[in-house]
2 protein chains.
Amino acid sequence: MIKVEEAIAIIEANSTKMPVELISVHKALGYVLAEKVFSPINMPPFRQSAMDGYAFIHSIKHQYDVVGISQAGDHSNIKLKPNEAIRIFTGAFVPDAADTVVMQEHVMANKDSILIATMPPKLSNVRPKGEQIGKDEVVFEAGTLITPAAIGFLASLGITEIEVYKKPKVAVLVTGNELVKPGKNLKKGKIFESNSVMLEAALQTIGIKKTKVYRVKDNLKATKQALKSILKKFDIVLISGGISVGDYDFVKEALLQNNVKELFYKINQKPGKPMFFGSKNETLVFALPGNPASSLTNFYIYVSPAVKNKMGFSEIHKPKVVRKLNAAITNNTGKTLFLKARYDETNVTVLNGQSSAMLNTFAIANSLLIVPQDVEEYKKNQLVTLLPID
Amino acid sequence: MIKVEEAIAIIEANSTKMPVELISVHKALGYVLAEKVFSPINMPPFRQSAMDGYAFIHSIKHQYDVVGISQAGDHSNIKLKPNEAIRIFTGAFVPDAADTVVMQEHVMANKDSILIATMPPKLSNVRPKGEQIGKDEVVFEAGTLITPAAIGFLASLGITEIEVYKKPKVAVLVTGNELVKPGKNLKKGKIFESNSVMLEAALQTIGIKKTKVYRVKDNLKATKQALKSILKKFDIVLISGGISVGDYDFVKEALLQNNVKELFYKINQKPGKPMFFGSKNETLVFALPGNPASSLTNFYIYVSPAVKNKMGFSEIHKPKVVRKLNAAITNNTGKTLFLKARYDETNVTVLNGQSSAMLNTFAIANSLLIVPQDVEEYKKNQLVTLLPID
């Protein structure tokens, strides 16, 4: 049995990055850049007006003849004289001769001439060529997470494809003779199988859209055979159930017989103690507890960071949140507790129903309160650390 | 010109909830329940063992004959006598006669009998029928956001379909003669069009997966005609550009001629002032500024809450974050500022490059620092309020 921190460290050390692939920028949300990106152009590509107004050569004069127009998209390089101006719009090309744009609100305009009421300083309202970024300059470093703003910036530079780390292919293997698919008839002694659909949803929240679900009966042969082909095809294998010390828990044996290297088994925590973590080649295997709340807890604490690590995220753990505790907590278990909790702007409340089988508490929780194994008590009003969950 | 708070209130008041639809639980992540859900079963459906161990009738005796076995999924209702026990596993049916389960670690077991070394209190390790939820009890209230845990809980009750608010259909209409699709050749005076792909990605982060993008030239007739059919087919229309006071901005006129009701035009903020908000029947129209950073700012502040409101979310604004400011800020604009910022566990830094055309700053920001219009200064080390962004 190992400590929570040890388990986290072992998983982090073993979740190597995925291979890279070239994907379209418009499909890249949530991926991480695998290489530095350079700008193919100056941005803006030309001197741009920052306002709707008039471009002119700055001088002490206030009156100018209007000799032309530059709309966004135009490129009429009018040769301005010192007493001339052109009508110009936001984003439009500023003719080479002009150095300044006056906003239209600061001008009195006739049909063919303007009088500048408020003279702007020279160079005002002209965005220099390459102001945002110059040609061949670095747009993003490797390791950058692709957000909506990053997609917008890449597109604005005309970049259509980028190298990213692939998303891992994830399989969920469900074990348990007691399990019946929701929608089927529930015979005596059986329960509905809910972990696969829950884990699929949890994977979706971190960008893994397609998960393949397999089901197997509680026997060594079937489990071993199912694992044999799954281990070849997937980067991450989540196994639900069959990993505690019961006589009918074949999963660990089936894994070892498939040459999965055991990296740890059992963690000093509650809930979620009976978990196995191992690897075969680059494939990671998480055998999660069958109890739904334990399974989901260990997903957030262990699986999610591993997926993010494989995808190249630099921040694989969610930022923690600190809140004031509404009521004291004791921990006489000697284990690290993960308590379903709900926090608001200032405080946090530990919810009723912490049993490992109880998923309803999880559904109203927005965080896990972490009570380290060596902490015997948190006092009321003490500041405590939370892991936000979706 | 209205205040930011007024704009937010007007949008909230006009974004009515979408119609409801029945969807599969396994596709329901991120939807909001439109009706109360009741449990069709008791959960657990029978008295369940919480441990691997032995079920027996609690007494003062420590020795019991093992007369049978109950695995998860079994339903052998053995008639236990007072000196008998059965082998039992986590999640398995506890025979009616038995009242207590002793965990296997507290037992010395022979082939056919056990000696209980540590006697548990009566009723220990037996999960009562209906402990999590009883038949016909409320599972979730209307308005509940469907999380992975909620999906797991619904599935565990055998529920396969739920009534949710539909997701709005969103169109993006891009205007601007200066715009060229990324990948194409960039002629003089032109820039790459990046707002559509940026807005599509931003919509994805709030669960809107499919967005239809339309493009139109800067003229009244084309804009008016495009809007005519778009307004019939979509619940939310985002228009990019063409909404400032320039002579070539036809969008507002095209909207009014299509009988879109103007709810406001221009907001006292920087960036993002030139925005139009209106409605036609239940369809909402946001004409966003063409400048990328302004467009994305207004997406986070105005569009995202409207989408969430239509989807039935009870919390439509992201929880705000409070941090200590690294350097003083002055606001002599009389406008509300939305500054791209980056916060860590304790502090926040306002980033360089706040111009409305600059998207690169947005790509490294994780929040917008809100400086209200009536605040002229934030001092160094002052606590300030941030809106986290993805």
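The buried residues of helix α3(B) are covered by elements that include α2 (148–156) of chain A together with β13 (170–175), β16 (211–216), β17 (236–240), β21 (283–288) and α6 (292–310) of chain B. The model is a predicted one, in which local features need pLDDT of at least 70, side-chain atom pairs count only at pLDDT 80 or more, and totals for chains, interfaces and linings use all residues. Residues are numbered from 1 along each chain as its sequence is written, chains are lettered from A and ligands numbered from 1 in the order in which they are written, and side-chain values use heavy atoms, with hydrogens and water left out. Helices (H or I, at least four residues) and strands (E, at least two) are DSSP runs, numbered from the N terminus.

Buried here means under 20% relative accessible area, exposed means over 50%, and partly exposed lies in between (1.4 Å probe, protein chains only). The buried residues of α3(B) are Asn195(B), Ser196(B), Val197(B), Met198(B), Leu199(B), Ala201(B), Ala202(B) and Leu203(B). Just after the helix, Gly207(B) has a positive phi of about 95 degrees.

Ala155(B) gives a view of the contact from chain B. This residue is in helix α2 (residues 148–156) of chain B. Ala155(B) counts as buried because its relative accessible area is 3%. Leaving out residues up to four places away in sequence, Ala155(B) touches Pro182(A), Phe192(A), Glu193(A), Ser194(A) and Val197(A). Within its own chain, the C-alpha atom of Ala155(B) is separated by 7.3 Å from that of Val25(B), 130 residues away along the chain.

In chain A, Thr211(A) is placed in strand β16. With a relative accessibility of 15%, Thr211(A) is buried. Its contacts, again without residues up to four places away in sequence, are Val170(A), Ala171(A), Val172(A), Glu200(A) and Leu203(A).

Aromatic pairs come next. Over all chains the structure has 16 of them. Rings of Phe, Tyr and Trp (its six-membered ring) pair if their centres lie within 6.5 Å; planes under 30 degrees apart count as stacked, over 60 as edge-to-face and the rest as tilted. Tyr214(A) and Phe234(A) form an edge-to-face pair, because their ring centres are 6.0 Å apart and their planes stand at 85 degrees. This pair links distant parts of the chain, 20 residues apart: Tyr214(A) is in strand β16 (residues 211–216) of chain A, and Phe234(A) is in the loop between α4 (220–233) and β17 (236–240) of chain A. Tyr214(A) is buried at 18% relative accessibility, and Phe234(A) is buried at 10%.

The pair of Phe264(B) and Phe277(B) is tilted, with 5.5 Å from centre to centre and 35 degrees between the planes. Phe264(B) belongs to strand β18 (residues 261–265) of chain B and Phe277(B) to strand β20 (residues 276–280) of chain B, 13 residues apart. Phe264(B) is buried at 3% relative accessible area, and Phe277(B) is buried at 0%. In chain A, Phe264(A), Phe277(A) and Phe286(A) make up one aromatic cluster.

Two rings of chain B have a lysine over the face. A charge sits over a ring if NZ of Lys or CZ of Arg is within 6 Å of the ring centre and within 35 degrees of the ring normal. Lys167(B) lies over Tyr31(B) at 4.6 Å from the ring centre, and Lys308(B) lies over Phe313(B) at 5.5 Å.

Technical notes: Contact means heavy atoms within 4.5 Å.
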